[in-house]
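Open the model in your viewer and keep a selection tool at hand.

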Amino acid sequence: SMARPLIYQITNGVSAQLQADCVALLGGSSVMSGRLAEAAEIAAASDALLINIGTPPDNAEELYRTAAGAAAANNIPVVLDLVGYGFSKCRTEIADALLAEFRFSVIKGNGAEIGALCGAGTAPRGVSCDSEIAEADRLTEDCAKKFGCVVYSTGETDHLSNGEKSFAIIGGSPLLRGTSGIGCALGSATALFCTRDEPLEAARRALKLFRRAAAEAGEAAGPYSFRIKFMDMLAKFGSLENEVK
């Protein structure tokens, strides 16, 4: 049997633990380092790379470019999670520079982030999105065409596209709104699934799995017990799915 896929996560400090747990319970293993000196070496040795710009370090541009460059040179899939894109000028410019230089496997954001990326004129306030973005399905498809990759936009409904095929994914639980980090964990799950499937299928699997786990965890007593139950359901459905394949 193949070794557990190794996912290099350069990610949001707020939810790093949750993301590592998510990758572990879905059958992968994580390496998390924000150290520039080892970024190229780790990226080259990994099976997928996640770049999440949620808490960018001072050397973010150099760090992200180094890791993405090594991944590209080794044909390793890269997921870019645009947390807070459009909110600060600095992080928006860092992401724009990355997008201009590299082709990603999957670009991920919430409705406001993808809207800011593809011109809906609605930048997020902070790093979460409280309103549904009009025409999110069309924006997601436009984005996929523009960047030549799979793009998904999360919200009340998730929209996923590769520019030709598009999907809308519904379900879940209103309790998701009271939890931080689950969206970031979704990015890590997407990177993990990219080690086994084409990006469109990987993203679709991750989105459907998270919706299903949230729906099952929806009976929880409150937002914090929901978080624990959600992770348990992720483990349950993730392992069932692995048996089916």
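Select residues 182–193, helix α7, and residues 199–217, helix α8, in this predicted model. The two helices pack at an angle of about 140°, and their axes lie 8 Å apart. An angle over 145 degrees would count as roughly antiparallel, so α7 and α8 are oblique to each other.

Next, show the side chains where the pair meets. On α7, pick Ile182, Ala185, Leu186, Ala189, Thr190 and Phe193. On α8, pick Ala202, Ala203, Arg205, Ala206, Leu207, Leu209 and Phe210. Colour this selection by residue class: the contact of α7 with α8 has 11 nonpolar residues, one polar and one charged.

How many helices and strands does the protein have? There are nine helices and eight strands.

The C-alpha atoms fill a box of roughly 45 × 45 × 35 Å. For 245 residues, a compact globule would have a radius of gyration near 18 Å; the protein has 16 Å, which agrees.

Finally, colour by accessible area. Buried residues make up 50% of the 245 residues. If you draw contacts as lines, consider those with a separation of 6 or more: residues 24 or more positions apart account for 66% of them.

Technical notes:
Residues are numbered from 1 along each chain as its sequence is written. This is a predicted model: local features need pLDDT of at least 70, side-chain atom pairs count only at pLDDT 80 or more; totals for chains, interfaces and linings use all residues. Side-chain values use heavy atoms; hydrogens and water are left out. Axes are lines fitted to C-alpha atoms, for helices over the stretch in contact, and angles run from 0 to 180 degrees between N-to-C directions. Helices (H or I, at least four residues) and strands (E, at least two) are DSSP runs, numbered from the N terminus. Angles under 35 degrees count as roughly parallel, over 145 as roughly antiparallel, 65 to 115 as roughly perpendicular and the rest as oblique. Contact means heavy atoms within 4.5 Å. Ala, Val, Leu, Ile, Met, Phe, Trp, Tyr, Cys and Pro count as nonpolar, Asp, Glu, Lys and Arg as charged, and the others, Gly among them, as polar. The radius of gyration is taken over C-alpha atoms; the globule rule is 2.2 Å times the number of residues to the power 0.38. Buried means under 20% relative accessible area, exposed over 50%, partly exposed in between (1.4 Å probe, protein chains only).
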